[in-house]
Structure formats: C-alpha cells, structure tokens
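Please open the model in a viewer and keep the selection panel at hand. The stops below are meant to be taken in order.

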Amino acid sequence: MKKIINRPEDYTDDMLRGIYEANKGKVKYVNDDLRCYCTARKKEGKVAIITGGGTGHLPLFLGYVGENMLDGCGVGSVFQSPSAEEIYNISKEVESGAGILYLYGNYTGDIMNFDMASELCQMEGIETRSIVGADDVNSNKDESKRRGVAGIFFMFKAAGAAASSMKSLDEVLASAERAKRNTRTVGFALTPCVIPEVGHPNFTLKDDEMAMGMGIHGEPGIWNGKLKTADEIASESLDTILSDMPVEKGEEVALLINGLGATSVEELYILAGSVFKILDGKGIKVYRTFVGEYATSMEMAGASISIMKIESKEMKSELDMPVSTPFYTQV
Amino acid sequence: MDRMKVEDLPMLFESVKVEFEKEKDELCRMDAELGDGDLGLTMSKGFSALPGLLKENMVAGDVGQTLVKSGMKMAAVVPSTMGTLMSSGIMGAGMALKGKDSIDSEGLVTFLSAFASALQRRGKAKAGDRTILDAAFASEEKAKAALDEGKDLAGVAKAAYEGGLEGVEKTKDMKPVFGKAAVFEEKAIGKPDQGAYAYTVLLRGLLGYISK
C-alpha cells in the first residue's frame, strides 16, 4: 500500500479535517462530530436534502453538499455506513421547516441507519422521505436490489434543483424519483483499490484484464477477462443499458462518463467519444454531457457510463440548474 | 417489584449484560456453524456498553426517551446487522414508552411488542423466516396472554421468556431465508436459529432482574 496518510485508522477524520479547513464558511460539522457534515449556508423554508455513505468515493457523497444541491452528509469510515445518530444530528441541524429528503445509495447498512434516523426525526415531528439510488444495471436483474453508483449524481441534481426552487417535500421526492426511473449505469474496473485499514487490494486482476460490472466497493461483476478497446467497452455497456431501459430514436439523454479514481481524464474523453458515436448511430440525442470524477473508488482504475433519459422539459431545467459546492461547480 | 423506574434501567440491563457474557462463546459457536461466527462478540460488546449508556443518557422521569437515546448510542458501538437490529429494538421500545415514568406489567408488553415491530421494520423479515423475529413474536404473544390473565410484572416477564424459548424451538424446522444462514440451508435444519436464541438471552436477563 502506497498512500499519503498518517495512520490508516485516521484516514477518514484526517481527510475531513482538511476539507473543513479548506472550505471555511461553506461547510461545517455539528455535535462536535467531524462525521456530521453540513452546509454552513442554510436556507430557511427549503426542503433539506441529506445523503450519506462510506468514505472513499469523493466527490461522492459529501462533495455534493452546497449551493442548489445537498444540505448535509453522514460520513462513514471507508466503505462503511454513517451511524443513525450522525444522520439524526445532521437532520436536526439542516432541517428548516419544510422536511427532509434522505437520498443515498442502495446498501443494507445505509438503509438501516437512515431508517433509524428517520424514525427519530418523526418522533420529534420532523417530516422525512427516503429514496435510494439503484442504477447499476449489472448488479441485479431486480431493479429494487441494484446497487447505487455514479447515476445518483442525476438524482442529486434533480432533487437539489427542485428543493432550491422551494418546492414541497413530495415534489422534491418526485423529482428524485423521476431521475431515478430514467437513469441506468454500467461500470467496469481495471485495477483494484486498497482500503487503508486492510492494507492490501480488495481483489486482483491480471495486467491485461478488466472486470465488467464491478461495483464501487469491488463487488464482483459479471465477467473478468481480457481488456477491451474503448469502442468495445462502450458498445457492450450501452447494449446493457439500452436493453434494460429502451431509448427511442429522436429521444434525448444526459450522459455521465465517470472515472473511478485512477483513470486519466484523457481516457474518459476517449470513452466519451466512443459513446457519442454509438448514440449518434442510433439517432439518440445527447442533451448534456458530464465527464470527470463524480463517484470514485479511491485509486481504482476504471470508469462508468450513466445514461439518463429525458422525458420532460423540467428534467432539462433541473440538469441546467447552476450548482456550486467545494467539489463541484456547474455554470 | 411491580414497576421499574428510569433508575432501574442500568441495573436491568446489567443483568442482560451478565447473561450475554455467559453465552458469548455459545453464541459464537452457533453462529460459526451458520454465519459469520461473531454474534457472541457483537452481542456482548453491545450489551456491555448499554448499562453505561443508560446512565449517561438518563432522562429524568422518562423511561422511553432514556431507552431511545441509549439505543441510538448502542447502534454506533455495534454497527453490524445484529447489533443494529438489537439497538433498533431498544429504540423502538423507547419510542413506544415515551413519556412513561416507569414500566409495569402492561409496560413490559408494550416494550416487547414495540421491540418486535422495530426488529421487523429494520430487518424486513417476517414470522417463519427463521430469524430473531420468531423468538420475539412468540415471546410477545405469550406475554400478552399472561397480562390478560392478570399476571404481575414478574409473571409477564416469565411468560415472555418461556414464549421466546418456544419460538427458538420452532426455528429448528424452519428454512433460513436471510443472511449467510440461507447459504447453509441443509446444515441449518434441526438447529435453532442463533439470532432467535440471542433474543432469549436478552429475555432471560430481563427476567433475572425483574424476579429478583
């Protein structure tokens, strides 16, 4: 393991200390707990959106707390859920009279803790709704059992835009649901990552191999085999996505090409080029493209392709809403 | 004893802690056959912390809030599935008892019933799935019947424990649906579910203090 750290067990808290110092006035923590990550610019009367999950995926999850996006984030240790108490304490801080939407990835530990926090909120009369990102097509045939990966970005954008337009809790939830319904992702890994406290890679791949369908915690994919070209990878990924969620000729989509941590931005654009060629051939229009690191797995090499089908004008304005967070800016 | 006040809670769960310490190795052994093998460690870690947490988070005159706050802290001590389930049960029981200054025989039934429904909400299992719920429901049912018969606090606690044991017995013939046990289906038949068994350890601890 080669990492710039002090002690493996301090990985998450040392990272957080750096983030708070670098972004004073924008984000803060509450209850003397670094893991309770909150916006420092609370807006009265707005639906609060809280996410959460393990460390190791920056800019996911906390990176999307900021202007026109999210209001709080429960920060777990590397690949671990935040605690119910942390989520509850964040809830009490960022809630401002219009209720809270919990929006996070479809993982058992996170679900248990967010549900527990939601019950605690209800006991105090704070209204909450929950929705999980579950966009990873290859992780399960059953949509409700799919893992949440990079496609959650589209849900963050949609819900964030709805909340900043001062919509009601149920309307914000509906925007998140609409983004979810129309989003699919396929990911693939080329090299593993190392959990600092474990000290060795979470799986192994030969030098000339890739893992199609691997999850952002190294969950096994659908095949491991010889590394394919960008065109071939794009083609297989889009086949998977479009057979799960058909997009007709003439329909529009948003495209997210996401790097998993160690893959160069150059390669991401090569992949983007391959995807454009295929979509163009099918007569599918790309309304807006996002290329970069949106949901990583520390130093894992690889990428993911997410497609969100656009079914209404409103979805476009949600996509186009400018956002500004310490980790992500869209103008 | 006909009712337990907030001040009794740390002692009540001290008794539970002692039972889990006694059963630590047995629970690990049972779990190693059909699961991760760390159930005994998780349970004794969580329930060892609970009496202290109840003291630190005591809300004067409110049994419910004290349980909720302590259960929330306990969840952070044992973040594994069974740890989260047990903590959820404590919190759920607390929510149902919010504002109450003590637990009498009727309160104990409320405690058991809310504990069981919190387990079900969190774990999303149902009766017959060979989980902790099969002990929790059986215990709740027998405790309710005892209350209807006019039994006192100790009588209800005794019925709850007996009901739990009967529930565990029934899991021997159930097919596992959840967790790693489902992978070892063949091995599971004829053996009691370790989660259900853990629930009776909790009940035995409660009974031990109440009938003292």
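This is a predicted model: local features need pLDDT of at least 70, side-chain atom pairs count only at pLDDT 80 or more; totals for chains, interfaces and linings use all residues.

**Stop 1: the interface**

Select the residues of chain A and chain B that touch each other. Chain A brings 10 residues to the contact and chain B brings 15 residues. About 1,300 Å² is buried between chain A and chain B, and 67% of that area is on carbon and sulfur atoms. Next, pick M112(A), M116(A) and M123(A): together they account for 47% of the area that chain A buries against chain B, more than any other three residues.

Now show the charged side chains here. How many salt bridges cross the interface of chain A and chain B? The rule finds four. One to display is that of E85(A) with K73(B), where the closest N and O atoms are 2.5 Å apart. Polar contacts between chain A and chain B come to five residue pairs, counted with both residues at pLDDT 80 or more.

Colour chain A by secondary structure. On the side of chain A that touches chain B, α2 (84-94) and α3 (108-123) of chain A each supply at least two residues. Of these helices, α3(A) gives the largest share of that side, with seven residues. By class, the side of chain A that touches chain B consists of six nonpolar, one polar and three charged residues.

**Stop 2: helix α2 of chain A**

Select α2(A). This helix is largely enclosed by the rest of the structure, because nine of its 11 residues are buried. The buried residues are A84(A), E85(A), E86(A), I87(A), Y88(A), N89(A), I90(A), S91(A) and V94(A).

What covers the buried residues of α2(A)? From chain A, the cover includes β2 (36-39), β3 (48-55), β4 (72-78), β5 (100-105) and α3.

**Stop 3: cysteines**

Select the cysteines and show their sulfur atoms. A search of the whole structure gives zero disulfides over all chains. C73(A) is in no disulfide either, the nearest cysteine sulfur being that of C38(A) at 9.4 Å. Buried or exposed, where does C38(A) fall? C38(A) counts as buried at 0% relative accessibility, and C73(A) is buried with a relative accessible area of 2%.

**Stop 4: cis peptide bonds**

Go to the loop between β3 and β4 of chain A, where P59(A) lies. The peptide bond from L58(A) to P59(A) is cis, with omega near 10°. Then move to F61(A), also in the loop between β3 and β4 of chain A. L60(A) and F61(A) are joined by a cis peptide bond with omega about 0°.

**Stop 5: positive phi**

Select M298(A), in the loop between β11 (285-292) and β12 (301-310) of chain A. Its phi is near 50°, a positive value in a residue other than glycine. M298(A) counts as buried, at 11% relative accessibility.

Finish in chain B with R130(B), found in the loop between α5 (105-123) and α6 (132-148). Although R130(B) is not a glycine, its phi is positive, at about 60°. R130(B) counts as buried, at 3% relative accessibility.

Conventions: Residues are numbered from 1 along each chain as its sequence is written. Chains are lettered from A and ligands numbered from 1 in the order in which they are written. Side-chain values use heavy atoms; hydrogens and water are left out. A disulfide is a pair of cysteine sulfur atoms within 2.5 Å. Buried means under 20% relative accessible area, exposed over 50%, partly exposed in between (1.4 Å probe, protein chains only). Contact means heavy atoms within 4.5 Å. Buried area is the accessible area (1.4 Å probe) that two parts lose on being put together, summed over both. A polar contact is a pair of N or O atoms within 3.5 Å; within protein, one must be able to donate a hydrogen and the other to accept it, and residues adjacent in sequence count only if both atoms are side-chain atoms. Helices (H or I, at least four residues) and strands (E, at least two) are DSSP runs, numbered from the N terminus. Ala, Val, Leu, Ile, Met, Phe, Trp, Tyr, Cys and Pro count as nonpolar, Asp, Glu, Lys and Arg as charged, and the others, Gly among them, as polar.
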